[in-house]
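Thanks for coming, everyone. Please have a look at it first.

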Amino acid sequence: MPDMYNVTGMSCAACSARVERVVKRIPGVTSCAVSLLTNSMSVEGSAKVSDIISAVEKAGYGASLKAEKKVTHSQEENILADHETPVLKKRLIASLIFLIALMYFSMGHMISLPLPEFFEDNHVAQGLAQLLLAGIIMIINQKFFISGFTSLINLAPNMDTLVAMGSFASFSWSVYVLFMMTRPHAGIFSMSDFYFESAGMILTLITIGKMLEAKSKGRTTDALKSLMKLAPKTANIIRNGQEVTVPIEHVQRGNIFVVRPGENIPVDGIIIEGTSAVNESALTGESIPVDKAEGDSVSAATVNQSGFIKCEAIRVGEDTTLSQIIKMVSDAAATKAPAAKIADKVCGIFVPSVIAIAIMVVIVWLMLGKTFGAALSYGIAVLVISCPCALGLATPVAVMVGNGMGAKNGILFKTSASLEETGKIKIAALDKTGTITSGEPKVTDIIPSDEITEEELMRLAYSLEAKSEHPLARAVVEYSKAKNVSPEDVKDFHALPGNGLTAKLNDEITLTGGSVKFIRENLTVNEKYIHEAENLAEDGKTPLMFAKNDELMGIIAVADVIKPESTQAVNELKTLGIHVVMLTGDNENTAKAIGKQAGVDEVIAGVLPEGKENVIRELQTKGKTAMIGDGINDAPALTRADIGIAIGAGTDIAMDAADVVLMKSNLLDVPSAIRLSRATLRNIHENLFWAFIYNVIGIPLAAGLWGLKLDPMFGAAAMSLSSFCVVTNALRLNLFNIRGR
């Protein structure tokens, strides 16, 4: 498992690229991914934590290991809270107040606004007023200069460097002009040579953009914050025979806790007393309550809707299902999606390249005869229109929103890569038992002989099977209970492994039940019933014959029936252009019968548990393959597949081995996960396109390449809006219908 770090001081994608680069150079680090969105870093390898933190600090940023101390969900929620927007809002309001005054002195005369008599025709006084006002705005927004020039000194320039250089260059040139105007006969300079308003306006407009961006970025983590809010704060536990309310952090494994109707279940546990209907929509997205009784498990943050229950705590703190989901979604945001690699490479060299371009632009315009002030204006425009943030945010914001959408619908992507790659699969290999089928045999057909009724057959079968522990026997027992059939007491019960059962009823009647082969060896069976049994077997069902003494009573067919949603899920996968394969260890006849009902394209039968991995390996030669399963024997295949998808109700081993976890255990979530992945990837491509196009068009435009003169203030406004537009486009994913219907 990778180590997770908090990283502070990053302001743009160039920062995250810089941190990633220096950490990857540390001996022992095998991989590193930095998320600008969540200010986190994921590092794998054998490098020391102290070495990693030291490298990040030397690069000009701060770092701390997330695991150094455990934090509660409320503390974690506070970490994710939008602390940036309120600070930026105060800075913006203060900046606007002084900017209005600055614009009055710099441009008021152009629209015939009256100036105080002292300033009339006193250009030096007007310049001094502008210098003071611009200086105040620069002090208010000093963070840009501290971050920007610190990064430049550390040879890791970032977006703040571009803003600081643009504003500082405007201010410095204007100060120079002001001093020159104090000389006698300084007619070569005039009020139009001042750029004080640009220095102040650039900072104010960038602050507006930063605030809009921060506000939008805050919304991308809404799903994660919503999950954290679900975490109960207290629990009612039994201590020394008394019920006491304690903070959730004090609940320990083995504690007995009680939950009344309407209350949230505090931790994961097992019901030891009582029954209830539990709303699990917080974890699975499924709104229909689930009936729970003694021995059933319950999860933290689900709601007890009816009935008083007493439970034993099984998983507490960070081990609860809710905590694991939160960790999974949070960690996924700290990983890198493949699509982000292109943007990261560009961001790593973007800011130094822009600075070089800005210097070249100034030199070229000077060579073409422009005044230094005019040439500098072009260079400043290039600096402030360039936006590495739009490139750096293009992928992570879409990934965060996509992950949040999945979590709300019970679909958990463990990494950014799994979210992106799921939509690219061409082949879906589905395990049969527990995935396509319910995994529990059910009675499907009852065929009594001509001499008895269906109810009589079930009564005899129930009496015999009630003492057996075989899964097929349980199917008969469960069906009989559901039909309110009353069994009779039998004696001398014997189980004959692989064959069947025998017992005595009323000391004189011998009851026999079992396979067709076993019954035929013990009595003569009418061909009519043999033919019926063969037809049932061809349909993938297991026929069980029952006899009283030497007389056949009838046939009960049992089968692992397909889940109600399986056929629809397979059809939706095929509609998405995916080749659907069913894997099973069953014989070919049974497998084909189930495969036909489900509507799969291909059936691969007789596959031993260890053989599933080899089948996946072969399928991968034909296209990107996903394995969908739920059992321990699916773990190697889940790991081998390009994308492993685990049914949530399956084993912990299968869930650990998978890339995607379906919390609702609903096969319909497989096509939903693919749709969401494709929508997220499409959104990433849109973001990258607009971010690239913005810079490709904006930089030449600011440089005056097409004969246009772009005022630095307009460049700053464009830069401010670019990141905001990328984040807003990512938020459109919240409107996407992952069900496709």
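Before anything else, a definition: helices (H or I, at least four residues) and strands (E, at least two) are DSSP runs, numbered from the N terminus. This is a predicted model, so local features need pLDDT of at least 70 and side-chain atom pairs count only at pLDDT 80 or more, while totals for chains, interfaces and linings use all residues. Residues are numbered from 1 along each chain as its sequence is written, and side-chain values use heavy atoms, with hydrogens and water left out.

Start with K442. K442 sits in strand 16, residues 442-448. Which residues does K442 touch, leaving aside neighbours within four places in sequence? A475, A557, V558, A559 and V561. Contact here means heavy atoms within 4.5 Å. There is also a C-alpha pair to note. K442 and Y479 are 37 residues apart along the chain, and their C-alpha atoms are separated by 7.5 Å.

Now the whole chain. The secondary structure comes to 27 helices and 26 strands. Of the 741 residues, 55% are buried. Take the contacts between residues at least 6 apart in sequence: 68% of them join residues at least 24 apart.

Next, the cores. A nonpolar core is a set of buried Ala, Val, Leu, Ile, Met, Phe, Trp, Tyr and Cys residues joined through side-chain atoms within 4.5 Å. The largest one has 139 residues. V19, V23, M41, I436 and I628 have the most contacts inside it. Which helix gives the largest share of this core? Helix 7, with 12 residues. Another core lies apart from it, with 24 residues, among them M458, L460, A503 and I509. Back to V19 for a moment. Not counting residues up to four places away in sequence, V19 touches V7, M10, V34, M41, V56 and Y61.

On to helix pairs. Helix 7 covers residues 159-181, and helix 13 covers residues 372-385. Their axes come within 8 Å and cross at roughly 160°. That makes helix 7 roughly antiparallel to helix 13. For the geometry, axes are lines fitted to C-alpha atoms, for helices over the stretch in contact, and angles run from 0 to 180 degrees between N-to-C directions. Angles under 35 degrees count as roughly parallel, over 145 as roughly antiparallel, 65 to 115 as roughly perpendicular, and the rest as oblique. Which residues make the contact? From helix 7, L162, M165, G166, A169, S170 and W173. From helix 13, F372, G373, L376, I380, L383 and V384. These divide into 9 nonpolar, 3 polar and no charged. Nonpolar means Ala, Val, Leu, Ile, Met, Phe, Trp, Tyr, Cys and Pro; charged means Asp, Glu, Lys and Arg; the others, Gly among them, count as polar.

Second pair. Helix 21 (residues 566-575) and helix 26 (residues 669-702) pack at an angle of about 30°, with axes 8 Å apart. The two are therefore roughly parallel to each other. A569, E572 and L573 in helix 21 meet V670, P671, I674 and R675 in helix 26. That contact divides into 5 nonpolar, no polar and 2 charged.

Stay on helix 26, where A679 is found. A679 is buried, at 5% relative accessible area. Beyond its neighbours within four places in sequence, A679 is in contact with L733 and F736. A679 and L733 are 54 residues apart in sequence, yet 7.4 Å apart in space, C-alpha to C-alpha.

Another buried residue is Q126, at 4% relative accessibility. Q126 is in helix 5, residues 123-140. Not counting residues up to four places away in sequence, Q126 touches F105, L115, F119, D121 and M191.

Last, backbone angles. Most residues other than glycine have a negative phi. N484 has a positive phi, near 60°. N484 lies in the loop between helix 18 (471-482) and strand 17 (490-496), and counts as exposed at 67% relative accessibility. N549 also has a positive phi, about 55°. N549 is in the loop between strand 20 (542-548) and strand 21 (551-559). At 37% relative accessibility, N549 counts as partly exposed.

Terms used
Buried < 20%, exposed > 50% of the residue type's maximum accessible area, 1.4 Å probe, protein only.
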